[in-house]
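Hi,

Here is the structure I promised to pass on.

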Amino acid sequence: AFGKLLFQAVLDARSDLVSQVPGARHIKDTHSGHYIHQVRPKLVIKSIREVVGAARKKACALGSKNHGQCIEAVNHGP
């Protein structure tokens, strides 16, 4: 019973942290365990691309000098 309570407390703490970051999301149902990068690589790649895309949009919107990186990211695969 303690293990279940502890696990739920960790999930709740992570969700609380994510809720404080605008645009962030907490993906809980990955069906992968600790090796998400091996079991669900497409999910990891998609999530990274979303973060990079958002960062590029924000940098371009702020007019920061980023040496021509205000362009769409190229999709190099599925």
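Below is what turned up, starting with how to read it.

This is a predicted model, so local features need pLDDT of at least 70 and side-chain atom pairs count only at pLDDT 80 or more, while totals for chains, interfaces and linings use all residues. Residues are numbered from 1 along each chain as its sequence is written, and side-chain values use heavy atoms, with hydrogens and water left out.

First, Ser 32. You'll find Ser 32 in the loop between α1 and α2 (helices are DSSP runs of H or I, at least four residues, numbered from the N terminus). Ser 32 counts as buried because its relative accessibility is 12% (buried is under 20% relative accessible area, exposed over 50%, partly exposed in between, with a 1.4 Å probe and protein chains only). Its side chain makes a polar contact with the side chain of Thr 30 at 2.8 Å (a pair of N or O atoms within 3.5 Å, one able to donate a hydrogen and the other to accept it; residues adjacent in sequence count only if both atoms are side-chain atoms). Leaving out residues up to four places away in sequence, Ser 32 touches Val 39 and Arg 40 (contact means heavy atoms within 4.5 Å).

Now Val 39, which sits in helix α2, residues 36-39. With 47% relative accessibility, Val 39 is partly exposed. Beyond its neighbours within four places in sequence, Val 39 contacts His 31 as well as Ser 32.

Finally, Leu 6 belongs to helix α1, residues 2-19, and is partly exposed at 45% relative accessibility.

Cheers

Notes
Helices (H or I, at least four residues) and strands (E, at least two) are DSSP runs, numbered from the N terminus.
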